[in-house]
Amino acid sequence: MTSTAKAHTNIAFIKYWGKKNQQLNLPTTSSLSLTLDKFYTKTTVTIDDTLSTDVLYLNNQKVDATRVHQFLDVLRDELGYFPTLKINSYNHVPTSAGLASSASAFAALTGAVVQELGLHLDTCTLSRLARRGSGSASRSFFGHFAVWHAGIDNDSSFAESLHAPAMPIALVVAEVSSQQKKVGSTEGMQRALTSPDYGNWVNNSQQQFIDMQSAVMAADIEKIGTIAEANAMSMHDLNLTATQHPFTYFTAETQRILQIVDDLKHQGLLAFATMDAGPNVKIITHVEHAQLIIQTLNNALPNLKLEIAQSGPDISYE
Ligand code: PMV
């Protein structure tokens, strides 16, 4: 038998940026995201007990990913023994889009493994399992908007759908080329925790999480964007104010894009920036404003790679 799952990436509008338990990937705050239609991972899993160890192919190339092997050990702990697996994973997250693929990758892997084992688990349980591979993967099972409840332990930390109304929201993804050495999300979070502003950030984020849910349920794109931008920028301030190894993901090009987003906003367009563990900027907007934003960015920065994404679906199986 063979099982295939397809999970889409998600972008957090209220960020996860800090772990209260590193081994379990328990976050310090709850987060909220939009799943994207354009970018996804499709993973096929086959039980193959002739193999001496699990084998992983990524985009048709055999890889030795320690993180995936460790995650499969976690799944064996949680689900009970299962034989060795052959895993084929295809990322339809173009590297040119500069989007993190770990969210869609660990969600698709979890879904495909559980299906291959013939288990019938509810989506919140799948979310809880995928969280152990990558925190943001907990949110990639759900289409449209999802919330990840921080919880207090392994059982209570999982994501679920927000059941939000449909809305004409779009995300313009601007890929910034970077020579900068990347600080991985786990490392970045550890450094951010040393910021004297971290406690304040947690408190503000809790309020923003509540306000964001109201904005999403009201399909108020302007409010969604305003809160998301404030949340993201304060997350990046933590990196700068860390007392141990302060750093930034911003480059000169990032700053330039943020300036343009600000100008567009003052011209009356819906344009709000959010950023993750890298220099790329994602601009939250109305679908009808997306082309104008692309044109403006293209005129100012002709080499910038730009994509438009909209709300994406739930995980699906074949
Ligand atoms: O899931 P991780 O460990 O890759 O962390 C994701 C962190 C951010 O993308 C910056 C924020 C988020 O909530 O997705």
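1. Let's start with a term you'll need: two strands pair if DSSP finds at least two bridges between them. Helices (H or I, at least four residues) and strands (E, at least two) are DSSP runs, numbered from the N terminus. With that in hand, look at β4 and strand β7 (residues 85–92): eight bridges join them, and they run antiparallel. Within this pair, T46 stands opposite K86 in β7, and Y40 stands opposite H92 in β7.

2. A quick word on what you're looking at. This is a predicted model, where local features need pLDDT of at least 70 and side-chain atom pairs count only at pLDDT 80 or more, while totals for chains, interfaces and linings use all residues. Residues are numbered from 1 along each chain as its sequence is written.

3. Stay with β4 for a moment. β4 also pairs with β1, again in the antiparallel sense, over 11 bridges; here K6 stands opposite K42 in β4. Then there is strand β8 (residues 145–149), antiparallel to β4 and joined to it by four bridges. The bridge partner of S31 is W148 in β8. As background, strands of a sheet pair through backbone hydrogen bonds, either parallel or antiparallel.

4. For a parallel case, find strand β5 (residues 55–58), which pairs with β7 in the parallel sense over four bridges. V55 has K86 in β7 as its bridge partner.

5. Now zoom out to the domains. The domain assignment of the protein gives domain 1 (2–165) and domain 2 (169–310); such bounds come from an automatic or database domain assignment. The C-alpha centres of the two domains lie 24 Å apart. Their contact takes 25 residues from domain 1 and 34 residues from domain 2, where two residues are in contact if their C-beta atoms, placed from the backbone, lie within 7 Å.

6. Which strand gives the most to the side of domain 1 that touches domain 2? That's β4, with six residues. β1 (2–14) and β4 (31–47) each supply at least two residues of that side. By type, the residues of this side of domain 1 divide into 15 nonpolar, six polar and four charged. For that count, Ala, Val, Leu, Ile, Met, Phe, Trp, Tyr, Cys and Pro are nonpolar, Asp, Glu, Lys and Arg are charged, and the others, Gly among them, are polar.

7. Over in β10 to β13 you'll find an open sheet of four strands, in the order β11-β12-β10-β13, with antiparallel pairing. Its edge strands are β11 (272–274) and β13 (305–310), each pairing on one side only. Neighbouring strands of this sheet are turned by 30 degrees against each other on average, direction ignored. Three bridges join β11 to the antiparallel strand β12 (residues 281–286), and T274 has K282 in β12 as its bridge partner.

8. Two helices go with this sheet. Helix α6 (residues 221–241) lies across β10 (169–175), β11 and β12, running at about 40 degrees to β11. Helix α8 (residues 287–300) packs on the sheet and touches β10, β12 and β13, and its direction makes about 140 degrees with that of β12. The axes are lines fitted to C-alpha atoms, for helices over the stretch in contact, and angles run from 0 to 180 degrees between N-to-C directions.

9. Finally, the ligand. How many residues surround the ligand? There are 13, and the closest are A12, Y16, S136, S185 and D276; a residue is near a molecule if its C-beta atom, placed from the backbone, lies within 6 Å of it. This shell divides into five nonpolar, six polar and two charged residues. Both domains take part: the shell draws at least three residues from each of domain 1 and domain 2.
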